[in-house]
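Please find my comments on the model below, as numbered points.

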Amino acid sequence: MAELIKTKWYKRIPHPLVMLMAIIVLTSILSHIIPAGVYEREIIDGRARVVPGTYHEVDPTPLSFLDTFVAIPKGFAAAIAVIFVVLSSGIMFGVLEKTGMIENAVGTFVKRLGVQNRMLAVVLMTYLFGLLGVFVGYENNIALIPIAAITSLALGGDLMLAAAIAVGGCTVGFGLSPFNPYTVGTGHTIAEMPMYSGWGLRSVLCFSALTFLAYFNVRYFKRIIKNPEKSLSLGIKTDGFQLSKPIAQYGMTASNWLILSIFIIGLGVMLFGVFTYHWGINEISAIFLMITIAAGLSAGLSGRTLSETALSSVSVVAPGAFMVGFATSIKVAMEMGNISDTIAFHLAEGLQTLPLYGSAVAMSGAQSIINLFIPSGSGQALATLPIMIPLGDILGLTRQTTILAFQIGDGVTNLFNPTLGGLIAMLAMCRIPFDRWLRFVLPLVGVILLISWIALIIAVAINYGPV
């Protein structure tokens, strides 16, 4: 017992697979305790939206022992698009790494930057990945995560720093983006407000959070430079991420420039399709595969080499893809038990007893809890905002403030949400175990939440508009 007390909390965190299985079992148990209930939904613009005031209890559908495990293959089936984008991005990176382009590009970048400017590099990369989250999206950036890993190691950092830069930057940028189409965009559509109105306050909040993340990353970098034993990624293999020769020897060949051009053009086509034709995950996966084949052929890789590289790359990212399916199983279990709407309804009802400022902060807290069960930003918006917006009207909150509270609750908790497939996939690309990520990120989450709640209080105080 004394040894257990002396053991630090982060060493008692179970394996992510154990955590996810425990949540699935808990969901199954809750389906026997929480009354089953649903809101009526209507189809608007091809999407099912909750009709406010229509919550009602239905016949209970508790999960049986068999149902608890059936939810797992159903979760994998529901997550197949995200699982495949993880696999396709891993294959693409593996082939690009095989051509030597990525190593030479990173080595040349570090060579020209100079080791003396590596702290600046960490700051700039944090903002870069943050901006990718703001303007490009979330899963769209999965393929870029290994580049951060190679660059971090080349600068003298570790894989945790790479995750902090890339995963942290993308998650904060996407979660608090003033132009997030899944949270803010869906929210403004539901609330019948001007699209992306009120972007000024959200921009200040997003920039403030990214600035603190950059400071947090630099502080960690300085700590592990001073004492490598304090690295949170000790013992994690870095094969395939390390540079193979001294920095001074790096340079870009004509073949490297050609393959880099193919990669950049491919990403450009992907972004054009996402913003112009509203491409989804499947189209993104297709572009990754096209880049893979074009890069392999341009580098002169034989069919056998290309195939073997693809399969070996799949073996590297397969654990992360597996975890994505497991995480999605929780959402499926909630739907099978018909308890998602019940939880959202009672959390919303509890807010009515709080004072104005407290209700705004508590609303973001309620969304944080719901986010564990409905990790999809747009899915959560469609399920909860039709409830929260009228409730905010009753409480005296502007609709802009209600949407900001929703965005904070959804976005910030994405940094540690074990049910968010994209987060699990990105961490897997950096080879960072979830328990170690929690040790690193929880203090960061606390500060960013504090910054966000201050912004939320300001929103209440200024009657944040336009509605």
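**Notes on the predicted model**

1. The buried residues of H15 are Ser-359, Ala-360, Met-363, Ser-364, Ala-366, Gln-367, Ser-368, Ile-370, Asn-371 and Phe-373, where buried means under 20% relative accessible area, exposed over 50% and partly exposed in between, with a 1.4 Å probe and protein chains only. Helices (H or I, at least four residues) and strands (E, at least two) are DSSP runs, numbered from the N terminus.

2. This is a predicted model, in which local features need pLDDT of at least 70 and side-chain atom pairs count only at pLDDT 80 or more, while totals for chains, interfaces and linings use all residues. Residues are numbered from 1 along each chain as its sequence is written, and side-chain values use heavy atoms, with hydrogens and water left out.

3. H15 covers residues 356-373, and its 18 residues reach 26 Å from first C-alpha to last, close to the 26 Å expected at 1.5 Å a residue; the expected span is 1.5 Å times one less than the number of residues. Its buried residues pack against H13 (303-337), H14 (340-350), H16 (377-395), H17 and H19.

4. For H17 (residues 399-413), the 15 residues should span 21 Å at 1.5 Å a residue, and the end C-alpha atoms are 22 Å apart, which agrees. H17 is mostly covered, with 14 of its 15 residues buried.

5. The second largest pocket holds about 690 Å³ of space. Its lining has 33 residues, with Leu-128, Leu-144, Ile-147, Leu-260 and Phe-263 nearest the centre. Helices H4 (80-99), H5 (101-113), H6 (118-135), H7 (145-155) and H11 (254-276) each give two or more residues to this lining. On a 1 Å grid over the protein atoms alone, a pocket is an open set of points with protein on both sides within 12 Å along at least five of seven lines, where a 1.4 Å probe fits; lining residues have an atom within 4 Å of a point.

6. Phe-263 is in contact (heavy atoms within 4.5 Å) with Met-92, Leu-96, Met-101, Leu-144, Ile-147 and Ile-291, leaving aside neighbours within four places in sequence.

7. Ala-148 lies in H7 and counts as buried because its relative accessibility is 0%. Leaving aside neighbours within four places in sequence, Ala-148 is in contact with Met-125, Phe-129, Ala-162 and Ala-166. Ala-148 and Ser-364 are 216 residues apart in sequence and 31 Å apart in space, C-alpha to C-alpha.

Notes. Points joined across faces, edges and corners; volume = space filled by probe spheres on them.
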